[in-house]
Every structure is written in structure tokens, then in C-alpha cells.
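Trainee: I am new to this structure and would like a close look at a single part of it. Could you take me slowly through how its helices pack, and through the loops and the core that go with them?

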Amino acid sequence: MDIDFKEYQLSSELRGHEDDVRGICVCDNVGIATSSRDRTVRFWSLDPSDKRKYHSSKILLGHTSFVGPLAWISPNAEFPEGGLVSGGMDTMVLVWDLRSGEKVQTLQGHKLQVTGVTLDNEDIVSSSVDSTLKRWRKGKLVEFWEAHNAPIQTVIRIPSGEIVSGSSDTTIKLWKGKKCAQTFVGHTDTVRGLSVMPGVGIISASHDCTIRLWALTGQVLMEMVGHTAIVYSIDSHASGLIVSGSEDRFAKIWKDGVCVQSLEHPGCVWDAKFLENGDIVTACSDGVTRIWTVHSDKVADSLELEAYASELSQYKLSRKKVGGLKLYDLPGLEALQIPGTSAGQTKVVREGDNGVAYSWDMKEQRWDKLGEVVDGPDDGMNRPILDGIQYDYVFDVDIGDGEPTRKLPYNRSDNPYDAADKWLLKENLPFSYRQQIVEFILQNTGQKDFTLNTSFRDPYTGASAYVPGQPSSMSAIPAKPTFKHIPKKGMLIFDAAQFDGILKKIMEFNNALLSDLEKKNLSMSELETSRVAAVVKILKDTSHYHCSSFADVDISLLLKLLKTWPPAMIFPVIDILRMTILHPDGASLLLKHVENQNDVLMEMIEKVSSNPTLPANLLTGIRAVTNLFKNSSWYSWLQKHRSEILDAFSSCYSSPNKNVQLSYSTLILNYAVLLIEKKDEEGQSHVLSAALEIAEEESMEVDSKYRALVAIGTLMLEGLVKKIALDFDVGNIARVAKASKETKIAEVGADIELLAKQS
């Protein structure tokens, strides 16, 4: 078929997000908005000096978890410069005034992740994993209904005024008010994306790897096949072109049902949208938004094109596997300088773009080359690998609460309850997550008709699988009591940071000092401000923490600012220090400064906890100390100063600031784990007392109380203070917790009550 089509080329890259770019919103001719896993929304304006480039003119902060769908509010009397609507994993729908960059409405009502937002005249309609559609008017919920019998993944409004939704139940539904006027049946898996096809009907993207064009009568007019993985997004242009984004790393452009071009990306393409002029915007999991154009005057220059080609090449090399191992994970030739330990020992090293195997000759004391290591034709490139094992699926699971994303492996032949149990045990997560994980697996693998085999036995306890709503069947001879939430293993940290905002605040404070004649001497020089920016750049690049390093003057500069800047200005400096602590080299250098000079960290703790306290200082200070628990080289310092640290922050449990409460209870929990390891009975008693104080506070935020209860239970189970806990009448605290309406509080209360009864 001869199709008249001009190929797209890279025009520009929009860099600024610190994690996956998840959503795109084309804001008329005003600019582009993007959402990200980094919890922010960014607004990008055209660069007046270069019409093919955009710059980040607004960063919208307000969501507490990753942000997905976006909708544009055209300029009106209420929003003179326009507005934005965003939906997030935090279940919130937020409305933003673009003129001020501030959140003006918080729409609360969904129980689970918000997956779609669209405007219906002046109303906002939102969709959610909770299977409902909700209509909001002037900040209030005016109606809602359960629109599907499975999670809703997307929602749009079509020109004739109806609302259309797509769901994990594989159907699309057209709504007139709350009445379903048409159900579209055809996809065999989750419907993930929807868009209007002008003058024709709608187009849909699905987990079944296909795109479908539909008439509004429900008839399938065309099926487009070409993607090799989940298709996440779909959009159309007045020219008749269609663009789709997929997990297979390609944005594909379609004309008359034929794929006419594939735009390769160094990661998953979460979203793709057309600009009015026909240019395409793509959102990628590498954190970059890209503009693609057919206009010759907007194509990137040769250096930019070469850089992108190189980036793609490096990405593909980084994914190349030899013998089931990632090429880039293999050691270089320098590894052959280390003698082998036994005859015939083999070692695979990286030589250029290949993996080469060597065998140790014990007699000659040398490595003999065996040859290049290759994978077979079906080497698993289409099946993900985790810890050297191939799986049908490896999911990213974001459990929130400031914790890193976890990898959940799953094979279709697995029992989902078995897989969930093993994973929760491996990740040391509470079993209260069990049903959520099972439902997550079933939803994302299309096993909606899964029926549990009642003969299934738990691989660890021998008990029958738990089925919600049914009594559990215990194995005949339980080995010992089991607890859902204790003991806690490992340390919790605070590793999320809005680096651009932190750096902006530091520069703002520095400019204020420069303009104050009395305090000008406290300000940083241009060289020092560039050093702080360099530190932030290193901290942003988490993938190179293993090989990046700081200059000693970088740490000295941060400590100088902590000592000399006014108390009201130090919180962004502490925040930089908090993240520096998570960098291996940063933690090591900081420890040397603390050991060799005055203990600036203890001075910082005294400064942020002295009256009158500032919430921002308290929050960043506690979190910085909490992050020290990630590095075992700090354990001695933490144990030595335990009494001073806990006393300094002891009033935080009654703080009206919930983030301060949570940070303090996290510090307590980490100390419990550390002092059990150190067998420090006096320290354990101190921590127990602090945890009991939190647990008894009626107004305590749920997660804060939960972490305190886990600390109490862990100290009783594995520590040296069970008798002391019983003397404090911990049984009564457990009974109160057990009666809580919050599931995880009730469950950990039951754990502690069982422990108390064992005495």
C-alpha cells in the first residue's frame, strides 16, 4: 500500500522530572503539562529564544505519590491563565491555578488510585481503580456510580457530550448521565487508553497489545496490530494520524490502520499526544519528555540527534544479556588479574560488546580463554529476569510510605496466594497486604476467572490458603505461633526528595543573605553555589551511586552552612544532607568529619530541637538522622548518642504535624532494630518507653502509631525487655490497638497481645 507520509524526527527533550514521566496534557497553544512518578506535575512553556524548545516554568507540588492523568482547564474568569486537573496514586484529584502554581481544590472521595480525569463543561469526571466514576462540581462531589465490575483505567468525554470509560474488565462503556448507553466488547485484556477519532468514533489501547477503532454504535471498524507489549496510550490528530505508546519502548504512528513509523525510546512509553501542529509529545520511563516533528526547521541539530542515538545504543547494550547475565553487570578484563581458586573455575568478563568465558589453569596459573558466551535464539529478551531467574511477569510495586519500589515476580503457572505469601515474607512486609497483592496479580495478569484450589497448602506453614470471608483452616500441628507484623527486620529510610525545589530554596535564602548588609558575610560565593548545585546533580543520579563521589570540600561546605546560617534558613541544607547520607561516599565522608572535628551533627540536632522549634527544621532533622541507619558504619555513633538524640526529639510524638510524628516513630523503630542487634538492654528500655508513649497517644496518626506498635512487638519478641513491657501493662495497649478500625493497627495489636499471653 502506498501511503503518503513524512517521517518524524526528534525535535527536543524536556528534562527535569526525577522519575518516570507518566502523563501528558496539551494545554492549547499555551504549553505542555507532564506528570511523573516523582510526585510532581510540571508545566513547560515554549522557549522564546528557540521555538522548538520548551522550559519548565512551573513545578506543581501537592501529591504524595506518583501522578498520572491530567486535564487542561482553558483560561476563564476563575483561571485567567488556565488551570490543570491531576489524579494520583494517593487517591486525590487536585485542581491547580496555573497563574499562581498553587493547588486550589483537593477532591477526596476515591478509595484507590485515580486513573483518569476529564472535563465535562465545568464539571470534572474522574475514574479510579475502585471501579467508580465520580462527578465533581465547584469542588464538591455531586454524583458517583460503580461503572464497571473491575478497575477503571481511563475516562474521556466525546464531542457529543457522553462520557466513555475503559476498564480491566476488557470493556468500554458509553455513559449518558449514569446510564450505560453502549458497551463495546472486543478487547481480550484491560482497556488502558481511550481517545476521540474525529468524525468516526473512538480509539482504544489495550493490554492485549492491540489498538481498536470503534463506531459509537459499538462496532469494531479496525484493529491495529504491531506492538509486542501492553499499549498504554492512544491519541489521534485531525490529519487522521494515530499515535500509540507501549511498554515495548516504541511510540508507533498509524495511518489508515497501518503502522507507518516506530519511534524507539530508552524505556517504556507511558503516554503519547499530538500537538495541534502535528508534532508528537512522548512520556518515557527514563524521566524524559520528548517532542517529535515532521517540520524540518524544528528538527534537533546533528549533535543532539547523535546523542540520542548513542543513548539508545547504550540502553540496548545495558539490557543485552550473555548467559542470562546483563552485559553491563559483568566485570572487565581487570578481573582476570585475580588468580583463580580451583582448577577449571570459570569466569565471564566483558570484552567490548561481548561476554567472554575464561577457565583457570591451576598448573600454569593463568586464565585460558574458552570463547564468547551467547544466549540461544529464545534468550528471554521478551521475558523479564529477576535475580537471574526468568519470569512471565516482573511487576514494580509501589507500597508508598517513603519506601522504595519493590519487584514482584510471577509466573502464570503460580498460585497467586502462594506467590503473594512468598513475596511478602521475602520483602518483610505485613500479611495484611496479602489480599491486595493477590488482587494486583490477578488484575495485571488477566486472570479474572481464577478459582482458588482449596487443597493448596502454604509452602512455609503448611496451612490452607486464606480466602477472604471464610474461616482459615490451620494445619494440624502448628510449629509455633506466627505473627503478621513482627519482628521488624531492616531499616526504614526517607529517600524521596524534590531536588529542584530544595536547590531553589537554598538559592532563594542565599540571595536574601546577599541583600542583607548585616548578614551578607554569611552568604555563599558563586563558586560555593556551583558546588551545591554539583552535589545535587550527583544525588539525582542514583544509578551511579556505586561509582560517583564527592569532594571533601562539598561536605565541608554543607556543614559550614549548617553552623553559620540562621536557623530559619537551614532546613533545605539539612534536606541535602539527608540525601547525601544515602550516598555511600557521602555517608563515609560525613562520618570522617564527625569523628575528626567537632560533632556538627549533634550541634545540628540541638539547633533544630531547641525552642522555639520550627516544623521544617524538626522534620528534616529527624529524617536526616533516620537515614543514618542505612549505613552500618554509623551504628556506633547512633548507639553512642542514643540518649541525646531521643531526648532531643522526644516532644515530636505530640507534634500537630503528622509528618513529624511519622518521622519520629520511624526513628524509634530503627533504633529498636539496631539496639536488638547490639544487645543493648538499657537502650532497648529507652526506646520501649518512647514507643509506648506514642502508642498511648490517642490523636496519633495511624502510620506513626503502627510503627511504634511494631517497635514494641519487635522489642518484646527479640529484645531483652519483655518483662519491662509487661510491667508497663503492654497488654492493655495491645487490647486497645486490637479494637481499632484500622486493620494494620488491629493486627499488630493482636500480635502483641499474643506475645503478652505467652509470658
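Mentor: What follows goes through the helix pairs, then the core, and then some loops.

This is a predicted model, in which local features need pLDDT of at least 70 and side-chain atom pairs count only at pLDDT 80 or more, while totals for chains, interfaces and linings use all residues. Residues are numbered from 1 along each chain as its sequence is written, and side-chain values use heavy atoms, with hydrogens and water left out.

Two packed helices are described by the angle between their axes and the distance between the axes. Helix 5, residues 526-540, and helix 6, residues 552-564, have axes that come within 10 Å and cross at roughly 110°; the axes are lines fitted to C-alpha atoms, for helices over the stretch in contact, and the angles run from 0 to 180 degrees between N-to-C directions. The helices themselves are DSSP runs (H or I, at least four residues), as strands are (E, at least two), numbered from the N terminus. Helix 5 and helix 6 are therefore roughly perpendicular to each other, where angles of 65 to 115 degrees count as roughly perpendicular, under 35 as roughly parallel, over 145 as roughly antiparallel and the rest as oblique. On the side of helix 5 the contact (heavy atoms within 4.5 Å) is made by Glu-528, Arg-531, Val-532 and Val-535, and on the side of helix 6 by Asp-554, Leu-557 and Lys-560. Sorted by kind, these residues are 3 nonpolar, no polar and 4 charged, with Ala, Val, Leu, Ile, Met, Phe, Trp, Tyr, Cys and Pro taken as nonpolar, Asp, Glu, Lys and Arg as charged, and the others, Gly among them, as polar.

Helix 6 also packs with helix 7, residues 571-580, at an angle of about 145° and with the axes 10 Å apart. Helix 6 passes helix 7 in a left-handed crossing, a term for a near helix that is turned anticlockwise from the far one by less than a right angle, clockwise being right-handed. Here Ile-555, Leu-558, Leu-561 and Leu-562 of helix 6 meet Val-573, Ile-574, Ile-576, Leu-577 and Thr-580 of helix 7, a set that divides into 8 nonpolar residues, 1 polar and no charged.

His-583 is buried, with a relative accessible area of 0%, where buried means under 20%, exposed over 50% and partly exposed in between, for a 1.4 Å probe and protein chains only. If neighbours within four places in sequence are left aside, His-583 is in contact with Ile-538, Leu-539, Tyr-545, Ser-548, Ser-549 and Phe-550.

The residues of the contact of helix 15 with helix 18 comprise 12 nonpolar, 1 polar and 3 charged.

The largest nonpolar core has 97 residues, and those with the most contacts inside it are Leu-638 and Phe-649; such a core is a set of buried Ala, Val, Leu, Ile, Met, Phe, Trp, Tyr and Cys residues joined through side-chain atoms within 4.5 Å. Helix 13, residues 658-677, gives the most to this core, with 10 residues. Apart from neighbours within four places in sequence, Leu-638 touches Val-625, Leu-628, Phe-629, Ile-645, Tyr-671 and Leu-674.

Some loops deserve a look at their backbone too. Most residues other than glycine have a negative phi, and most peptide bonds are trans. The bond from Asn-611 to Pro-612 is cis, with omega near -5°, and Pro-612 sits in the loop between helix 9 (600-609) and helix 10 (615-627). A cis bond also runs from Ile-486 to Pro-487, with omega near 0°, and Pro-487 belongs to the loop between helix 3 (434-445) and helix 4 (499-514). Lys-679, in the loop between helix 13 and helix 14 (681-696), has a positive phi near 55° and is exposed, with a relative accessible area of 65%.
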